[in-house]
Amino acid sequence: MRVPLTSRDFLDRAELVYGDRIGVVDEPAQPAPSLGEVSYREVARRGRALQAGLDALGIGEGERVAIVSHNSARLLELLLSVPSSGRVAVPINFRLQPEEVEYIVGHSGARVLLVDPELETSLKGVRAEHRFGTGEEYEQLLRFDAEPRPWSEPDEDATATVNYTSGTTARPKGVRMTHRNTWVNAVTFGMHMQISDRDVYMHTLPMFHCNGWGLPYAMAGVGARQVVIRKIDGAEILRRVEQHGVTVMAGAPAVWNAVLEAAADWDGVIPGRDRVRIIVAGAPPPSRTIARVEAELGWEFNQIYGLTETAPLLTVNRSRAEYDQLDADERAKRLSRAGVPSLGTRMAVSDSGEVLARSNTVLAGYWENPDASAEALEGGWFHTGDGGSIDDEGYVTISDRKKDVIITGGENVSSIEVEDVVFSHPAVAEVAVIGIPDEKWGEMVTAIVVLAEGEQASEADIIAHCKARLAGYKAPKRVEFRDELARTATGKIQKFKLRQDFWAGSERQVN
Ligand code: AMP
């Protein structure tokens, strides 16, 4: 028998098996009315009411529903129930500027756009055929009086979500994630992290980012409670771990640095000691951070590696039985590698040192971008754009980036996109944007600028120019002025030479 693997399975099971238990705890402090504590039965009922609402609007199967929102129970509901109806969810990064959101809404062809009330004013110019705020207006969209039309032919190869991600091009690309990708990612992730109905998961990761790494599906499938948190603040994370009995969280190294900082001022036993397990990805965490997480917080450290293009799970590094005998530093060293392939994944390194992957979690292609899709999947392997190696034990280590992407605080920034904007400043003659190692952000967006003859501009001028045109996290935090930039004989800027000044002495070329 062949039953299509669709993302609907997860909430269906939560409703059937764990209908009565609190499935989602919404953020109390938000501009929309908080949903408070919602049972999985109610999450599923509201999901059906949303589908019926979309039916009433005439939004058909395969059509896109875009959402720009901070973490919220409503966003979670949308991720769980829009794809179940055969429609496609397009979660958008809430930090983007209106023009960037507008591009994504237009490129994905979304007829429906849902906007967080907090972003209502800043995004007022972004239009779609149907636009709703994710507060009261969203509630009006729900139709509890009608049964939704079921998905006519559930298909595991259909697109479940399109997730826009910054890469090597000036414009973001839409990753077409299928139901099958979502399913395999959620199930293998859950298996490797041994999640169960006893877990309480807190969303310290933005849900828009690769659908919260697919964890909302994994958690719903086993009936684990999901706690929403909107703003990342170390002390608040500690308080809520205590309040909700949290056992699992995921996030970039910057999140755990914030928690470590807050823990230094925390009175008494750290909440979740010997109970919480964290899952870290986005950048290679220094082994010192890993040792501190275990010693100062008493939380279990796990690393994964992957991309939005790979659902994201490719490799896992979880302390294995053999590590129990090791001292803390030695264990931290082993956990600082990206990890071993997850079940069903094959990893390789190309002759040029690029990390390659084959897995059922790898994207079907980029939305409306056959050239980029063919390039990424060339030769039957997914090309990650990351440089790395695989050791004798089969562990992948990421040491370099082949692609011109900076990862700051866990979010991708395309150097080219920032260069375009810096270059649009009238005083700038030449620019190269690079990432430099930074304790807080992992990598810091830095612009190296040559001013046009007779022109004047300060670091603050360039930064303000970028902040007005780009999401804040993409704007350079530092600008350095030079008389000229190192170039090859053919005139190409030699970024590796510019990077050398900042990365000399670093073990890896990514941070
Ligand atoms: P995104 O698609 O935004 O999730 O970003 C994916 C990128 O994050 C990868 O291509 C890597 O460059 C980086 N990344 C993710 N996980 C790790 C990790 N564990 N170690 C090093 N880099 C990572």
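Buried residues, meaning those with 20 or more other C-beta atoms (placed from the backbone) within 10 Å of their own, make up 53% of the 511 residues in the protein chain. This is a predicted model, in which local features need pLDDT of at least 70 and side-chain atom pairs count only at pLDDT 80 or more, while totals for chains, interfaces and linings use all residues. Residues are numbered from 1 along each chain as its sequence is written.

**Overall form**
- The radius of gyration, taken over C-alpha atoms, is 23 Å for the protein chain, which agrees with the value near 24 Å that a compact globule of 511 residues would have, where the globule rule is 2.2 Å times the number of residues to the power 0.38.
- The C-alpha trace of the protein chain spans about 70 × 60 × 50 Å along its principal axes.
- The protein chain holds 16 helices and 25 strands, which are DSSP runs numbered from the N terminus (helices H or I, at least four residues; strands E, at least two).

**The nine-stranded sheet**
- Nine strands form an open sheet with mixed pairing, in the order S2-S1-S10-S9-S11-S12-S13-S14-S15, where two strands pair if DSSP finds at least two bridges between them.
- At the edges of this sheet lie strand S2 (37–39) and strand S15 (340–341), each of which pairs on one side only.
- Strand S12 (residues 277–280) pairs with strand S13 (residues 300–306) in the parallel sense over four bridges, and Arg 277 stands opposite Glu 300 in S13.

**Contacts across the sequence**
- Of the contacts (C-beta atoms, placed from the backbone, within 7 Å) between residues at least 6 apart in sequence, 70% join residues at least 24 apart.

Conventions: Buried ≥ 20, exposed ≤ 12 C-beta atoms within 10 Å, placed from the backbone. Contact = placed C-beta atoms within 7 Å.
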